[in-house]
Amino acid sequence: MSFLKSIFLKKHAETDQTRTTLNELFKTMRESVIVIGEDTRIFASNPAAYDAFARSNGALENKRLSEIIRDLNLHEAFRKALEEEKVSDVELAMVGTDKKYDVRIAPFAFDEKRGAIGIFYDISQIERLENVRQEFLSNISHELRTPLTSILAFVETLEDGAIDDVENNLRFLNVIRRNAERMHHLINDILELSSIESGKITIEPKKSNLSNLVEEVFMNLSNKAAEKRVKLISEVSNETIVFADAGRLEQMLTNLIDNAVKFNREGGSVSISHATEGGNDLISVTDTGEGISGEHLQRIFERFYRTDRARSRDIGGTGLGLAIVKHLARLHGGEISVTSTIGKGSTFSIELPKISD
Ligand code: ADP
């Protein structure tokens, strides 16, 4: 074999090897990759790109980029890579979907072909989390600012002379205390929720007597219920045993029964019952309150979601109670659900996996 021919064959073997390696590499990438030629038609793409962009377009190869993605900035970046050999980064929001990509576009040469490559990094999830984080922060700031503004205003009033007004100074101090308590309550709930969400809380499910737990919660909330003349009724039989972390179940019941009292009518009632359904324990808290409309029902387990923000604040709510219950139920491998009829009342049910013995 001539020297030149052996070099030629070696070069071809190397190119084949490179092609295979590149193919394998692109195939395993989570990022979508699209390579276009000088005619702006796609001549290579990977399975991730097919999944992301081909659903309504069929195969990508030989299509013009503009048939697949309509975005002026992206097209301009590909043009720059083709004509000026420039690398650019572009953020792409796919119209009609909630998909967002961070795209790197660069010149690309292979097999003596010149073109441009786009690598699409899906940032939709990061964006979503960032929105949730920002919304959470803005909610917290708002919730803390309201009582704080009130505290500052009343302190100023006292400083301006109201401290000597024997008829009113205690009333003002009382408002300050109530607002400080609200901030305290809110911060406790935020810390609690954040510990649960970050997995710092572990639960220890054991056989627990449900009836005793209910009685305990009733005792703690008896003053609040009496103030509103709301009757607390336990329909749970004495020997009912559920498999749960007793402290956490008490916390869930406290939140639900507290709400059932708060959002009840004067002279109404709250009943707690237990049933076995589909092999699971179902603990239900039913009230005779105003009920919750369908549009709110979907969202009340979200952090800070309240059907009437001002009213919930007035009656001492943080908007975090149900989010905490939802997380605690899930930590038990269970779930929380709600049904409601406007004008008649609501039933919140905690479903817990049954004892496994
Ligand atoms: P809050 O601290 O405001 O009670 P929650 O997370 O416990 O926060 O509840 C969220 C919202 O769900 C409440 O503000 C209220 O609008 C609604 N809600 C909860 N429980 C009931 C109920 N038993 N009856 C009517 N509305 C309720």
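Hi everyone, let's start with Leu22, which is found in helix H1, residues 3-28. Helices here are DSSP runs of H or I with at least four residues, strands are runs of E with at least two, and both are numbered from the N terminus.

A quick word on what we are looking at. This is a predicted model, where local features need pLDDT of at least 70 and side-chain atom pairs count only at pLDDT 80 or more, while totals for chains, interfaces and linings use all residues. Residues are numbered from 1 along each chain as its sequence is written, and side-chain values use heavy atoms, leaving out hydrogens and water.

Next, a hairpin. Strand E3, residues 88-93, and strand E4, residues 100-110, run antiparallel and are joined by six bridges; two strands pair if DSSP finds at least two bridges between them. Ala93 stands opposite Lys100 in E4. Six residues lie between the two strands, and in that turn Gly96 has a positive phi of about 80°.

Now the open sheet. Five strands make it up, in the order E7-E9-E10-E12-E11, with mixed pairing. At the edges are strand E7 (231-234) and strand E11 (335-341), each pairing on one side only. From one strand to the next, the twist averages 20°; axes are lines fitted to C-alpha atoms, for helices over the stretch in contact, and angles run from 0 to 180 degrees between N-to-C directions.

Within this sheet, E10 (residues 280-287) pairs with E12 (residues 345-353) in the antiparallel sense over seven bridges. Val285 stands opposite Phe348 in E12.

Which helices pack on the sheet? Helix H7, residues 210-227, touches E7, strand E9 (269-277) and E10, and its direction makes about 180° with that of E7. Helix H8, residues 246-262, touches E7, E9, E10, E11 and E12, and its direction makes about 25° with that of E10. Contact here means heavy atoms within 4.5 Å.

The largest pocket holds about 910 Å³. On a 1 Å grid over the protein atoms alone, a pocket is an open set of points with protein on both sides within 12 Å along at least five of seven lines; a cavity is a set where a 1.4 Å probe fits but cannot get out, and lining residues have an atom within 4 Å of a point. Of the 38 residues that line this pocket, the closest to its centre are Asp258, Asn259, Lys262, Phe263 and Ile315. Helix H8 gives the largest share of that lining, eight residues.

Key: Grid points are joined across faces, edges and corners, and a volume is the space filled by probe spheres set on the points.
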